[in-house]
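User: I am new to this structure. Please take me through it, and tell me what lies behind each term you use.

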There are 2 protein chains.
Amino acid sequence: MTPTDLLLPWRDVMVDMVRLDRPDLSMRQWALLLTVYLTPGPHTVRRLSEDLNVPKPAISRALDALSIHGLVKRARDPSDKRIVQVQKTPEGSLFIDEFAQIVEERDRQSDLGAYYG
Amino acid sequence: MTPTDLLLPWRDVMVDMVRLDRPDLSMRQWALLLTVYLTPGPHTVRRLSEDLNVPKPAISRALDALSIHGLVKRARDPSDKRIVQVQKTPEGSLFIDEFAQIVEERDRQSDLGAYYG
DNA sequence: TAATTTTGTTTCTGTATCGAAACAAAAGAG
DNA sequence: CTCTTTTGTTTCGATACAGAAACAAAATTA
């Protein structure tokens, strides 16, 4: 498996993401979104900031951007109203599923390529 | 294989890319860079613009950004001096290799997870 | 209750990027 | 040679995002 073989699906998926002009997320916003949807919560601003090694204001602004598209929502922790829990939304789940389909398709192509290509 | 299993390595790699603060490329710039390095050339501005479905000025600007980091270089086609060939550089190859290592590491982790996790 | 700490947001200034349109240069057509 | 087409860059006005610092609100400490 050469580096090229390894990276080709990544290239294809990224090109797909650029082509379809749906919500145009930065790398930081993608990392944040996938973290919220794929790793166990609760996801607070502080934890996300530490996990991603990104300043808190940047997390806050990224949440603004993702919220505008309805991909995540904020909810105050009732037991400690300082804390913001970042939560999933139906739109966000749909968006993630669509992304997963792109990845699956491109991975499948790449695997076929390894057999027949 | 659930969508989550499929996407976790993507999440991990994207988080790594955000964490290490090296050249901070947008998704568009990544798609462009990987296209130049992983698909057969020659890569002209026009072809890249059509392949990525992105306006030519955006390609031109992205090439500026990548060139500043030394990740690609421009070379005029001698036989038709209008045409710009986008070419690889040693620094760019190194950068791609480092990225491939991150992907490999994360894929390996994910595969282990499938066995033992 | 007053001072301090923790959590997250907002402001500030500067840089980067966007799409559309205008532009310049080279090649081709008549 | 002149006009048109092709290729890529630059300009334009507007928007988005960066890090640092200031800020507000809730919780904790003394």
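Analyst: This is a predicted model. Let us begin with the strands of chain B. Strand β1 (residues 43–44) of chain B pairs with β3(B) in the antiparallel sense.

User: What makes β1(B) and β3(B) a pair?

Analyst: A pair needs at least two bridges. β1(B) and β3(B) share 2 bridges, so they qualify. Within β3(B), Gln85(B) is the bridge partner of Thr44(B).

User: How many bridges link β2(B) and β3(B)?

Analyst: Strand β2 (residues 72–77) of chain B and β3(B) are antiparallel, with 6 bridges. At least two are needed, so this is also a pair. Gln85(B) of β3(B) is the bridge partner of Ala75(B). It is the bridge partner of Thr44(B) as well. A hairpin of 2 residues joins β2(B) to β3(B).

User: Why is α2(B) called mostly covered?

Analyst: A residue is buried if 20 or more other C-beta atoms lie within 10 Å of its own. In α2(B), 10 of the 12 residues are buried, so the helix is mostly covered. Among them are Trp30(B), Leu33(B) and Tyr37(B).

User: Which elements of chain B touch chain A?

Analyst: The contact takes 27 residues from chain B and 27 residues from chain A. On the chain B side, α1 (3–19), α2 (27–38) and α5 (90–116) each give two or more residues. α1(B) gives the most, with 12 residues. By class, this side has 18 nonpolar, 4 polar and 5 charged residues.

User: How do you know that the copies meet through the same surface?

Analyst: Compare the interface residues. 100% of those in chain B are also interface residues in chain A, so the surface is the same.

User: What makes the relation between the copies a two-fold rotation axis?

Analyst: A rotation of 180 degrees superposes chain B on chain A, with 0.0 Å of shift along its axis and an RMSD of 0.0 Å. The copies are thus related as by a two-fold rotation axis.

User: What surrounds DNA strand C?

Analyst: There are 23 residues around DNA strand C. The closest are Thr44(A), Val45(A), Arg46(A), Pro57(A) and Ser60(A). Elements giving two or more residues include α3 (45–52) of chain A and β3 (80–88) of chain B. The surface near DNA strand C has 10 nonpolar, 3 polar and 10 charged residues.

Definitions and conventions. Residues are numbered from 1 along each chain as its sequence is written. Chains are lettered from A and ligands numbered from 1 in the order in which they are written. This is a predicted model: local features need pLDDT of at least 70, side-chain atom pairs count only at pLDDT 80 or more; totals for chains, interfaces and linings use all residues. Two residues are in contact if their C-beta atoms, placed from the backbone, lie within 7 Å. Helices (H or I, at least four residues) and strands (E, at least two) are DSSP runs, numbered from the N terminus. Ala, Val, Leu, Ile, Met, Phe, Trp, Tyr, Cys and Pro count as nonpolar, Asp, Glu, Lys and Arg as charged, and the others, Gly among them, as polar. A residue is near a molecule or strand if its C-beta atom, placed from the backbone, lies within 6 Å of it. Copies are superposed by least squares on the C-alpha atoms of residues with pLDDT of at least 70 in both.
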